[in-house]
Amino acid sequence: MNEDVIARNPVAVVRRPKVGSDTQSTGLDRDELAALIREARNDGPRTNALVLLLAMNGLRISEALGADASDLDTERGHRVLRITRKGGKKSTIPLAPGPQRR
């Protein structure tokens, strides 16, 4: 299967601009989040699941993308996901109701 893989990362040497640590950003508001979820749902089930994991469970993108179906489990009647946090720390998080839908 050809996935249009390129031999070299074209942005490997690009430096991001310095941004102060004092940000005024508070994240998405309710309407923006609803629009994002709506678009993710329209894009397909994989995009929908990823956006819901990020938005409803507060996962970092690396945590969500590093998870596998075998990392899903049930504890005390709740669906949980085992993830690897920043720094390699293992964690088990309860899932919000949205990502559990099939």
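Is Glu63 buried or exposed in this predicted model? At 1% relative accessibility, Glu63 counts as buried, where buried means under 20% relative accessible area, exposed means over 50%, and partly exposed lies in between, with a 1.4 Å probe and protein chains only. The structure is a predicted model, in which local features need pLDDT of at least 70 and side-chain atom pairs count only at pLDDT 80 or more, while totals for chains, interfaces and linings use all residues. Residues are numbered from 1 along each chain as its sequence is written, and side-chain values use heavy atoms, with hydrogens and water left out.

**Overall architecture**

- The protein has 3 helices and 3 strands, which are DSSP runs numbered from the N terminus (helices are H or I with at least four residues, strands are E with at least two).
- Read from the N terminus on, the elements follow the order α-α-α-β-β-β.
- The radius of gyration of the protein is 17 Å, whereas a compact globule of 102 residues would have one near 13 Å; this radius is taken over C-alpha atoms, and the globule rule is 2.2 Å times the number of residues to the power 0.38.
- The C-alpha trace spans about 45 × 40 × 35 Å along its principal axes, and 18% of the 102 residues count as buried.
- Among contacts between residues at least 6 apart in sequence, 19% join residues at least 24 apart, contact here meaning heavy atoms within 4.5 Å.

**The pairing of H1 and H2**

- The axes of helix H1 (residues 30-43) and helix H2 (residues 45-57) come within 7 Å and cross at roughly 155°, which makes H1 roughly antiparallel to H2.
- These axes are lines fitted to C-alpha atoms, for helices over the stretch in contact, and angles run from 0 to 180 degrees between N-to-C directions; angles under 35 degrees count as roughly parallel, over 145 as roughly antiparallel, 65 to 115 as roughly perpendicular and the rest as oblique.
- On the H1 side, Leu33, Leu36, Ile37, Ala40, Arg41 and Asp43 meet Thr47, Asn48, Val51, Leu52, Ala55 and Met56 of H2.
- By class, this contact of H1 with H2 has 8 nonpolar, 2 polar and 2 charged residues, with Ala, Val, Leu, Ile, Met, Phe, Trp, Tyr, Cys and Pro counted as nonpolar, Asp, Glu, Lys and Arg as charged, and the others, Gly among them, as polar.
- Asn48, placed in helix H2, counts as buried at 18% relative accessibility and touches Ile37, Ala40 and Arg41 when residues up to four places away in sequence are not counted.

**The surroundings of Glu63**

- Glu63 lies in helix H3 (residues 61-66), and a polar atom of the Glu63 side chain is 2.8 Å from the backbone nitrogen of Arg60.
- The side chains of Glu63 and Arg85 are joined by a polar contact of 3.3 Å; such a contact is a pair of N or O atoms within 3.5 Å, and within protein one must be able to donate a hydrogen and the other to accept it, with residues adjacent in sequence counting only if both atoms are side-chain atoms.
- Leaving aside residues up to four places away in sequence, Glu63 touches Ile83, Thr84, Arg85 and Lys86.

**Strands and their loops**

- Ser91 is found in strand S3 and touches Leu81, Arg82, Ile83 and Arg85, again not counting residues up to four places away in sequence.
- The C-alpha atoms of Ser91 and Leu81 are separated by 8.3 Å, although these residues are 10 residues apart along the chain.
- Arg76, in the loop between strand S1 (72-75) and S2, has a phi near 50°, a positive value in a residue other than glycine, and counts as exposed at 83% relative accessibility.
- Gly88 sits in the loop between strand S2 (78-84) and strand S3 (90-94), and at 46% relative accessibility Gly88 counts as partly exposed.
- The C-alpha atoms of Gly88 and Thr74, 14 residues apart along the chain, are separated by 22 Å.

**The segment before H1**

- Pro17 is placed in the segment before H1 and is exposed, with a relative accessible area of 68%.
- A distance of 34 Å separates the C-alpha atoms of Pro17 and Pro45, which are 28 residues apart along the chain.
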